[in-house]
Amino acid sequence: MTRPKLGRAAVTPGEPAAIYCRISHTRDEDQTGVDRQERICRDIAERLQLRIEPTHVYVDNNCSAWQRDRKRPGWEAMLRAMETGEIRHVIVYHPDRLMRQPKDLEELLSIADDKRVLLHGEANRRDLSDPDDRFILRIEVAHACRSSDDSSRRLKDALKDHAREGRPHVGNRPYGYTRDGRAIVEEEAEIVREVYRRYLDGESPLGIAQDLVSRGIPTSKGKAWNPENVRHLLSSHFVAGLRFHLGEEVAVGTWPAIIERLCRGS
């Protein structure tokens with residue numbers, strides 16, 4: 001059933017409005033910081049003579065709007081405020097700060113039905129009750145979702161290529177190596193070899209961990225060793241100079257190995 005065409009919704013000076021700001025932890029094309037987004041949104045509110053209450057500024061910092069299982073507390077709180085009628089205006093730097101998944105747009109439109117909610121951006125305004133504006137928003141969000149899908153695919157392809165080339169993929173500093181994983185820290189490498197030797201001689205991870213603690217030897221994070229740390233080291237592909245990707249061995253690493261492959265424990 002086609003929604004009836006409504007007259008253009010008016011903006012009444014002094015009406016309450018919400019500001020929504022978000023920046024993703026992923027590499028979005030637009031990484032405008034949330035502080036700058038808020039300043040831009042406040043300028044828009046001032047131009048439209050809308051009122052912003054402190055409780056109606058919603059921020060999701062370091063949150064992806066593309067990942068389907070990602071929680072966005074600011075977004076969810078704003079939807080609740082819309083649902084209860086606290087706000088009729090939403091000001092956002094750009095619609096893709098609000099939504100990068102069609103399901104999020106549909107949730108927003110469902111709440112906004114018959115409430116004449118207006119979405120204000122830096123360059124335009126959308127009436128969420130207007131069929132034409134809803135149509136345009138659906139196109140914009142679909143485009144944003146496709147852009148994120150493409151970025152994810154390119155990142156996965158790059159990671160796969162790096163793995164096949166044997167390049168290291170390092171999060172936390174691997175014990176026995178420098179921060180980038182490309183060079184051996186010989187003092188720690190001696191501990192790695194000792195742990196493997198003692199384990200192969202029949203010592204338990206618990207006993208090895210307790211001894212390392214008693215000698216004041218820390219992990220790469222500066223913490224005390226425990227059996228789990230020891231088991232993790234014993235099952236490490238990195239110290240054997242092997243590059244794994246998605247659980248499969250794909251290459252010999254370009255970094256030096258500390259432990260020969262046939263000597264690794266399990």
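Predicted model: local features only at pLDDT ≥ 70, side-chain atom pairs only at ≥ 80, totals over all residues.
Local features were taken where pLDDT is at least 70 and side-chain atom pairs where pLDDT is 80 or more, while totals for chains, interfaces and linings use all residues. Residues are numbered from 1 along each chain as its sequence is written, and side-chain values use heavy atoms, with hydrogens and water left out.

The protein chain contains 8 helices and 7 strands, defined as DSSP runs (H or I over at least four residues for helices, E over at least two for strands) and numbered from the N terminus. Of its 266 residues, 42% count as buried, where buried means under 20% relative accessible area, exposed over 50% and partly exposed in between, with a 1.4 Å probe and protein chains only. Among contacts (heavy atoms within 4.5 Å) with a separation of 6 or more, 65% are made by residues 24 or more positions apart.

Helix α2 spans residues 73-83, and its buried residues are G74, W75, M78, L79, A81 and M82. Seen down the axis of α2, these buried residues fall within an arc of 160°, so they line one face of the helix; the arc is that of the directions from the helix axis to the C-beta atoms. The exposed residues P73, R80 and E83 are carried by the face turned away from the buried side of α2. The buried residues of α2 pack against the strands β1 (16-23), β2 (51-61) and β3 (89-92), and against the helices α3 (95-98) and α4 (102-112). After α2 comes G85, with a positive phi near 80°.

In α4, the buried residues are D104, L105, L108, L109, I111 and A112. They cover an arc of only 160° around the axis, and are therefore on the same side of α4.

Finally, Q49 has a positive phi of about 60° although it is not a glycine. Q49 lies in the loop between α1 (34-48) and β2, and counts as partly exposed because its relative accessibility is 49%.
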